[in-house]
Amino acid sequence: IMSQSELHKLGNLTDFIAGKNVNRLTSNLNEYSVQEFEYDYAHPYEGKMNFSVPSDPNMITPGDIIINLQTGKAAIAGEKSHKKFFSQNFSKVVFKKEFPVYYFLYLMNEDKNFQKEKKIYSTGSVIKRLTNSGLEECSVKRFSLKEEEAIGDIYMSALKIKTQATEQAEKILAINLEILNQYVNSENKTLKEGK
């Protein structure tokens, strides 16, 4: 039997650390890219999660939860993102209260009600974009920790299966394209020679 769910403002549960302004950077720091975010999103990090505020809050540590403010999606930063700084396109999440990470990712990435909330609090007339203050205003549904962990685990399992299937399909496509390219191009050679 499901327990009673409650709505909570995200700002009461989490802090959001804003990214650095790229124009103000002096040293040659390694920047966290959108491609790296996409990789982290598709390959959820399974090591130790990071919940403390680091000495340099704009640097990424594996296990950090990063939100892409342009897409509104969240991912767990992996090993490849270690010691990279994140720009204003991203935000880092630090939990103030116990909050199962995978359940948080499910809410941010998939939950229908939360997707509506994100749209309400997005800014910009042409390109919609989330802000830290907008995220704080969003409401999330909380259940018992046990239920939240179960929801998060199911979501992560499904995401892993999707990633594996996609990567497998891409490999098959690449092999077939290589065979087709070899065939088509070698055929063209003989046609040219025959003229």
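Mentor: Begin with a definition: rings of Phe, Tyr and Trp pair if their centres lie within 6.5 Å. The model is predicted. By that cut-off, ring pairs link a cluster that includes Phe95, Phe99 and Tyr155.

Trainee: How many aromatic pairs does the structure hold?

Mentor: The count rests on ring centres within 6.5 Å. Some of the pairing joins Phe95, Phe99, Tyr103, Phe104, Tyr106 and Tyr155 into a cluster. For the structure, the number of aromatic pairs is eight.

Trainee: Are the rings of Phe95 and Phe104 stacked or edge-to-face?

Mentor: Planes under 30 degrees apart count as stacked and those over 60 as edge-to-face. The ring centres of Phe95 and Phe104 are 5.3 Å apart, and the planes stand at 80°. The pair is therefore edge-to-face.

Trainee: Is Phe104 buried or exposed?

Mentor: Buried means under 20% relative accessible area. Phe104 has a relative accessibility of 1%, so Phe104 counts as buried.

Trainee: Which residue has its charged end over the ring of Phe99?

Mentor: Phe99 belongs to the aromatic cluster. A charge over a ring requires NZ of Lys or CZ of Arg within 6 Å of the ring centre. Here the charged end lies 4.1 Å from the centre of the Phe99 ring, and the residue is Arg142.

Trainee: And which residue lies over the face of Tyr39?

Mentor: The distance to the ring centre of Tyr39 is 4.2 Å. The residue over that face is Lys80.

Trainee: What is the volume of the largest cavity?

Mentor: The count is one cavity of 30 Å³ or more. Its lining includes Asp40, Ile76, Leu105 and Tyr155, and α2 (34–42), β4 (73–76), α3 (101–109) and α6 (145–194) each supply at least two lining residues. By class, the lining has nine nonpolar, one polar and one charged residues. The volume of the largest cavity is about 40 Å³.

Trainee: Where is Lys83, and is Lys83 buried or exposed?

Mentor: Lys83 has phi near 65°, a positive value in a residue other than glycine. Its place is in the loop between β4 and β5 (90–95). Exposed means over 50% relative accessible area. At 59% relative accessibility, Lys83 is therefore exposed.

Trainee: What share of the chain's residues is buried?

Mentor: The chain has six helices and six strands. Among contacts between residues at least 6 apart in sequence, 75% join residues at least 24 apart. Of the 195 residues in the chain, the buried share is 38%.

Conventions:
Residues are numbered from 1 along each chain as its sequence is written. This is a predicted model: local features need pLDDT of at least 70, side-chain atom pairs count only at pLDDT 80 or more; totals for chains, interfaces and linings use all residues. Side-chain values use heavy atoms; hydrogens and water are left out. Rings of Phe, Tyr and Trp (its six-membered ring) pair if their centres lie within 6.5 Å; planes under 30 degrees apart count as stacked, over 60 as edge-to-face and the rest as tilted. Buried means under 20% relative accessible area, exposed over 50%, partly exposed in between (1.4 Å probe, protein chains only). A charge sits over a ring if NZ of Lys or CZ of Arg is within 6 Å of the ring centre and within 35 degrees of the ring normal. On a 1 Å grid over the protein atoms alone, a cavity is a set of points where a 1.4 Å probe fits but cannot get out, and a pocket is an open set with protein on both sides within 12 Å along at least five of seven lines; lining residues have an atom within 4 Å of a point. Grid points are joined across faces, edges and corners, and a volume is the space filled by probe spheres set on the points. Helices (H or I, at least four residues) and strands (E, at least two) are DSSP runs, numbered from the N terminus. Ala, Val, Leu, Ile, Met, Phe, Trp, Tyr, Cys and Pro count as nonpolar, Asp, Glu, Lys and Arg as charged, and the others, Gly among them, as polar. Contact means heavy atoms within 4.5 Å.
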